[in-house]
Amino acid sequence: MEQLRWLPEAGDWRARLRAIAAADDAWAAAIPLANTRLDFVRTNAVDEVVRKRHAAAPPPCIGTKPVRLAILGASTLAHLHAGIRVAGLRRNIHIATYENDYGQYLQELLDAESALHGFKPNAVLFAFDAYHLTQGLHAALSADDVDAALEDVAGRIEKCWSLAKDAFACPVMQQTVLDVFPALLGNNEHRLPGSRSRFVARLNERLRARADALGVDLVALDDAARRDGLAVWHDPALWHRSKQEVRPALSPSYGELVARLIAARQGRSYKCLVLDLDNTLWGGVIGDDGLDGIVLGQGSPLGEGFTAVQEFAKDLARRGIILAVSSKNDHANAMEPFEKHPEMVLRPADIAAFRANWQDKASNIRAIAQDLNIGLDSLVFLDDNPFERNLVREELPMVAVPEVPDDDPALVPGVLADAGYFESLGVTAEDRERTAQYQENRARDQLRASATDMEGYLRALEMRMVWSRFDTVGQQRVVQLINKTNQFNLTTRRHTDDDIAAIMADPKSFGLQIRLADRFGDNGIIAIVIGRMLEPGSVTIDTWLMSCRVLGRQVEPTTLNLVAAQARALGAHRLIGEYFPTKKNGMVRDHYVKLGFTRIAEAADGSNTNVLDLTSFEPAPTFIHVVEGSSP
Amino acid sequence: MTDSTDIYAALTEIFNDVFMADDMKLTPTLSARDVAGWDSFKQIEILVAVEARFGIKLNTKEIDALKNVGDLADVIAKKTA
């Protein structure tokens, strides 16, 4: 991705840059400009203007976790900082960067007095160049020598990971290695043990396995170069001139790769793809051309292009991305291909929210977010029509709206993938079942509509709450939920993998992962509570979060019954519940009072503290059957 | 685009972008000594922008031989001829 081709052109670039410099809130003013197709020079310019105002500290009320990123390597990396920082700005994430003194990454990691330690990073990126990692290798080495070298290099990298984790207890990222080396044998290069090119391939394979085992995230430079061509990312002449392994022109793209990982760690990846229909999922206009007239499927190059778009969307859905439809059409017309066209890949069951009507698209996209109970800032809107794209960008700047290249559907999957909207750190069982869950929700809605009263509905759901303490199996999902739940989240504490491991090991704490199943299916893990006995006899609820899709189903009082029992088992006679306000969690301000806690403090910023006397607490009766276990 | 006026017009835009100015006056003898902030980093920005703008690639010898804006304009003219 030589260019950020999914982003629109900036228009009057210089005027917009000047406006940022003059704005009261330079940060907020710069975000729209960061979301245009910036090249290297313009990326640096935006960075410079914003840094004049917000170099060290983020603006107040930014609403995301500020990142202090240490970039560690053995060659020139200075040209990549602005790309990373501006890619953060694009996502409203403030990133301060640090780079080790030339070649001194190991010394700085080891020395607690070093500038690196002084910087106090909360994220570390290892960006080792291929030349550094293959020092001493040559074509005459035996297979045994090369095997030993691979062990040595992989071991040294792992040592860096553990040094960083021990020192900073923060997420670690590792750039995979660019294969910058010309082949010596040729097609069968793998038969030459001492080939540096082969060594890089083997090292990357090793890094992938070890990164998964040790909880390190990869910046897959090797994949990017394989897709784009090595010459896009690396210029040997520049390496010899200035020891820049990644070409400066690729700084914006490199920054994207890093910032989308950082955003994913903060749970700020997009969750839902909203699709237009006519000339986006098929060629032609269904209302005019009819079922037989639209272009889709085998036999026509254009039709196969649209099939490819649908297949890409379907695969996204299979790995956890929600699909929705927003189309200016009569509902029946819009639905017809999904139900009847033999070449359709997407079927009604694949679409979680379907809005086909004659209202403007911004209103429909708002309605889709409401239907699905997710934030507008987790939607991506795909539409071939530039007018609709611009309208949505204007009305709903938090919705991502990719450019669609050259009116050719064949290019759309590549652009969507390059844009990295749906960057995910892994796939959980819940991700795979997400579409089914939305289907089950529809069945629940129908039951609710047919039940005459709330009690009858809740009883008819036949709910089971299945809970267990945190365990290594569920850990990935627990961390994912802790970092992406914004609305029903009392404290919004973003715990890391390491924090969760510490809670599991602490006898005075408990972490509960709670599933909810009913007659329509399993909702997966829908709530997480962490309690800590901070003083004898008193358990403080460090974290209480819940998925909004189970609101109104008595999960809250049932969860409290569970938490009270756990706290009593630790010997506590009271529970403390705190609420800290954010932009998004106003719905749970009075959560504890509603559950029978007594408010004992309220601060000017809107936070409050509440207490529950466990000696007199009686569990509330609910329609949810509670069992301990880990599967529904 | 080999016309010298066009090359200078394009270079002026590039220099304005790189140095975040509106009014750079480019002359053949202008060099890094004359412009505040024209360091090795800005030099790379200029070269990246020139290569993208003119669709050319400067080789190591050509870059090493650059002493001022005139040299840059000459090499652009040669490579776009």
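Modeller: Angles under 35 degrees count as roughly parallel, over 145 as roughly antiparallel, 65 to 115 as roughly perpendicular and the rest as oblique. The model is predicted, and local features need pLDDT of at least 70, side-chain atom pairs pLDDT 80 or more, while totals for chains, interfaces and linings use all residues. Residues are numbered from 1 along each chain as written, chains are lettered from A and ligands numbered from 1 in written order, and side-chain values use heavy atoms, without hydrogens and water.

In chain A, helix 1 (residues 13-22) packs on helix 3 (residues 40-54) at about 15 degrees, with the axes 9 Å apart. These helices are DSSP runs (H or I, at least four residues; strands are E, at least two), and the axes are lines fitted to C-alpha atoms over the stretch in contact, with angles from 0 to 180 degrees between N-to-C directions. Helix 1 of chain A and helix 3 of chain A are therefore roughly parallel.

A:Trp13, A:Leu17, A:Ile20 and A:Ala21 of helix 1 of chain A meet A:Arg42, A:Ala45, A:Val46, A:Val49 and A:Arg53 of helix 3 of chain A, where contact means heavy atoms within 4.5 Å. By class, the residues of this contact are seven nonpolar, two charged and no polar (Ala, Val, Leu, Ile, Met, Phe, Trp, Tyr, Cys and Pro count as nonpolar; Asp, Glu, Lys and Arg as charged; the others, Gly among them, as polar).

As for context, chain B has four helices and zero strands, in the order α-α-α-α along the sequence. The C-alpha trace of chain B spans about 30 × 25 × 20 Å along its principal axes.
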